[in-house]
Amino acid sequence: NEATKTAGHRRNSTSTVPIYLGVKSKLFAECDTVSDITSLIANDKIRSMYDVIEGLSRVTYRVTLRTAISEFMKEIEHLSHSKYLQKVSTQHIKMWIAALQFCDKGNKDQFIDVLTRIRNNENLSSWYDTIHLVGEKIEETVSVVNSLKDVLGRKENNRDSYVFKMNHPEVTNCTLEGDCGFILKDEYPHFQLSRDADDYRNTTVHIHDEIRAEHINLYRMIAITTRDGNTVKVPASWRWRGWRCRLWFDVTDWENKELCVDYYIGDSLVYKNDIAL
């Protein structure tokens, strides 16, 4: 019933943390060296290794790093502890490296080198600290509220919403009907984690309080076609997919594929270990 369906919601609360997809391109546009990236971390402008890789995808294309790579790795590892950077999934890095095999740009080898070093550093990446999720787009229907707004001449534009199904490791005894998970709403220029019971009403998903927006790393898989006729899938920021694809690949076409989340559960694993002790 509806009472059971929405029991896991904070009915009168919404997440105040916006989830950005590509908006950090403005920050990275001013990055000319890896030192600029570490400065962004030190000043709390970026919060995860996913963000670091976004910055590296630009800097390594523009600049030959040489010995700066080793110094960067030392500094980034230090900052990962002091700033509690969320680790990047090793699978995410593998997707990047696989895509770069189809790139003929001059600096691709140093980008692959940095990615490989990050993948091999357990303080910066992990295969178990994230859960990979693929969103399912919700088919929009005109609500009674929007119909009333239309009559009053104040109808809001409907934007896409996506359902992600996920069993959070801290939720061990859920008795609610349907699937555990969450909904992301496109509130351009960012996405918002919804805690509004109305958004969940016509889905099979319910949300728990343990789901946190700051643990969501969002990206879009882009299928690009190169001039050599190869089709390559790249984990790219949706809002600036054209810039990224053309930067590293000789592109004739691209297509939006699945919207993905790598949900960070590292803190939850620490929490569960503490409880066990």
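Predicted model: local features only at pLDDT ≥ 70, side-chain atom pairs only at ≥ 80, totals over all residues.
Colleague: Switching to aromatics. How many ring pairs do you get if centres have to lie within 6.5 Å?

Modeller: The count is seven aromatic pairs. Take Phe164 and Phe182: their ring centres are 5.3 Å apart and the planes make 15 degrees, so that pair is stacked, the cut-off for stacked being under 30 degrees.

Colleague: Where do those two sit in the chain?

Modeller: Phe164 is in strand β6 (residues 161-165) and Phe182 in strand β7 (residues 179-187). They are 18 residues apart, so the pair links distant parts of the chain. Phe164 has 0% relative accessibility, so it counts as buried. Phe182 is buried as well, also with a relative accessible area of 0%.

Colleague: What about Phe182 and Tyr263, why is that pair tilted?

Modeller: Their ring centres are 6.2 Å apart and the planes are at 40 degrees, so the pair is tilted; stacked would need under 30 and edge-to-face over 60. This pair ties Phe182 in β7 to Tyr263 in strand β12 (residues 251-264), 81 residues apart. Tyr263 is buried too, at 0% relative accessible area.

Colleague: Which residues do ring pairs link into a cluster?

Modeller: Tyr61, Trp96, Phe111 and Trp248. Phe111 is also one of the buried residues of helix α7.

Colleague: Which others in α7 are buried?

Modeller: Besides Phe111, there are Lys108, Gln110, Ile112, Val114, Leu115 and Ile118.

Colleague: How far apart are the end C-alpha atoms of α7?

Modeller: They are 16 Å apart. The helix has twelve residues (108-119), and at 1.5 Å a residue these should span 16 Å, so the two values agree.

Colleague: Okay, helix packing. At what angle do α3 and α5 cross?

Modeller: At roughly 5 degrees, with the axes of α3 (residues 34-42) and α5 (residues 68-82) coming within 10 Å. That angle makes α3 roughly parallel to α5, because anything under 35 degrees counts that way.

Colleague: Which side chains should I look at there?

Modeller: From α3, Val34, Ile37, Thr38 and Ile41 meet Ala68, Phe72, Glu75, Ile76 and Leu79 of α5.

Colleague: Now backbone angles. What is phi for Asp44?

Modeller: Positive, about 60 degrees, although Asp44 is not a glycine. Most residues other than glycine have a negative phi.

Colleague: Is Asp44 buried or exposed?

Modeller: Exposed, with a relative accessible area of 56%. Asp44 lies in the loop between α3 and α4 (49-62).

Colleague: And what about Tyr84, where is that one?

Modeller: In the loop between α5 and β2 (88-89). Tyr84 has a positive phi, near 55 degrees, and is not a glycine either. With 69% relative accessible area, Tyr84 is exposed.

Methods: Residues numbered from 1 in each chain as written. Heavy atoms only, no water. Phe/Tyr/Trp six-rings, centres within 6.5 Å; stacked < 30°, edge-to-face > 60°. Helix = DSSP H or I, 4+ residues; strand = E, 2+ residues; numbered from the N terminus. Buried < 20%, exposed > 50% of the residue type's maximum accessible area, 1.4 Å probe, protein only. Expected span 1.5 Å × (residues − 1). Axes fitted to C-alpha atoms, helices over the stretch in contact; angles between N-to-C directions. Parallel < 35°, antiparallel > 145°, perpendicular 65-115°, else oblique. Contact = heavy atoms within 4.5 Å.
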